Amino acid sequence: MARAVSKSEYRMPSRSKPRSSRPLRSSEVQSVLAIDIGSSSVRAALCGRDGSPLPGGAVSMAYQPEVHADGGVWIAADKLLRITERCIDQLFSTSAARGAQIAGVGISSFWHSLIALDVAAKPITPCLLWADTRSEAALPELLRMLREHRLSPGQLHQRTGAPLYSSFFPAKITWLRSVEPRLRGHQVRWIAFSDFLMLRWCGEATTSASVASGSGLWNPRLGVWDPAALDLLHLRPTQLPGLWNSPAALRAPLARRWPRLAKTPWYGSWGDGACANVGSGAVGTHRTALTIGTSSAMRRIIPAAYQVRLPRSLFRYVVDNERHVLGGALSEGGNLYRWARETLALPRPPRSGSSGELESQEGPWLDRLLSRRTPGQHGLTLLPFFAGERSPGWRPQRRALISGLTLATTSIDLLHASLEAVTLQLAWLHDDLDQCLRQKSVVATGASEIRAGGAAIAHSAAWRQMLADALNSPIHLMRVAETSLRGAALLAWEKAGGAAISDVPAATRSITRPRSSAVVRFQELARQQRALYEKAAD
């Protein structure tokens, strides 16, 4: 049984008393610095009050994390730190940076990263990313520990907003301790990558409630590290980062490197999913952010005061003290489209031009083929867990399942069925979001406007049509490509005294509307997929 503790015992230690920022006059500043740390690239931009980068004021640097056959997905923390610093160096070499005043700095960073530090605050482990699945091996031990503490996985989910899964700190810490005994002591500290940035740049490993909420150890309702979760893992609050609750300043070496930022307030970091909602204008229960990049997700921003019981499919993370993020995520998205193009003998466009021209034509040509097909024309029912199941069941051991294969099944059938399968899973999440929020009587069927972003959905009109039909709702494709970067900029502006994030509109590039006949067909396809899902779970 978890011992009784006071709420204050587990509250994050504060760096200093918060200080308020003087509201900005429009003539004083032109930009904020937004930094977006993703799982394959780092971006930095000087952004105006609408969150858009100034002309010539954005740079991007790609990187490749280490991916290993045992499920390891990681990057050395110091390596990613250097990439981020070089990105800022490059930004300050642009002409846009030379003429801009900077009101503040905001950071969007991937959720669920983990680094272990020693007593000298040096990394013991690399930075483990969300896709690192090696901690699946620790889930049986974690279940045993939960039984010992008289906690169920569902209870931990309701307390922390995070399901029991390999992406989160409980599984990762348990696994790391099992393979590296020196990580079992109370002198080890556990932090996310954005906390590591603050340690190196501002002198202290502090975090935000937003980043902490993606750990699986944070209690969004109480606003503290969850006492039961900490007892479960025999963690002390001092082993986790303190809360960043006031603007910070750069350490002297960095202030000399970036003199433009020497006196600029750093407003902290937010989880990339939260920033994507803000950047796409999906703020409030009436707007849903749909993101399909490498993977896919659906999220809504809700008032922090809303207390709802989470279904198994959904998580609850934090934007800030007033706003939380409710949503679900799939491990599949654009990665499934890429797998199909690289693995299957898909039809190719008629030969004309060079090989490079053919390759550039292949994607649009396939999309046109898909657009001509009718829902379910492939005759297949597919569970798309090619990379394991996150939402709706959060079972990492599950894998893809295809029913209905025949000798007549073609490669385009398989691609079509795969994209429809992901679409149906996203429709499942949309239904669960609606049902969850009906507990507060704040949403009606079909009332949520869906704002879509991400490279995979932006490049496929056929996939947008599938989504509109399956969700029975128009899909608003956002004009802005980098929604997380824009979200970090808007949150920084808000902190600096600028407009509230809900007051800054986001432009739409196109709207895809549902077709009534296809809506009915997708309802039948959803029933078929649910039946296969339940049968596979038996």
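**Exercise 1.** Which side chain does Ser41 join in a polar contact, and is Ser41 buried or exposed?

*Solution.* Start with the side chains: Ser41 and Arg43 are joined by a polar contact of 3.2 Å (a pair of N or O atoms within 3.5 Å, where one must be able to donate a hydrogen and the other to accept it; residues adjacent in sequence count only if both atoms are side-chain atoms). The model is predicted, so local features need pLDDT of at least 70 and side-chain atom pairs count only at pLDDT 80 or more, while totals for chains, interfaces and linings use all residues. Residues are numbered from 1 along each chain as its sequence is written, and side-chain values use heavy atoms, without hydrogens and water.

Next, check the accessibility: Ser41 has a relative accessible area of 8% and is buried (under 20%, with exposed over 50% and partly exposed in between; 1.4 Å probe, protein chains only).

**Exercise 2.** Which residues touch the most other members of the largest nonpolar core?

*Solution.* Take the core of 50 residues (buried Ala, Val, Leu, Ile, Met, Phe, Trp, Tyr and Cys residues joined through side-chain atoms within 4.5 Å). Leu290, Leu426, Trp463 and Leu467 touch the most other members. Lastly, another core, of 47 residues, lies apart from it and includes Val42 and Trp244.
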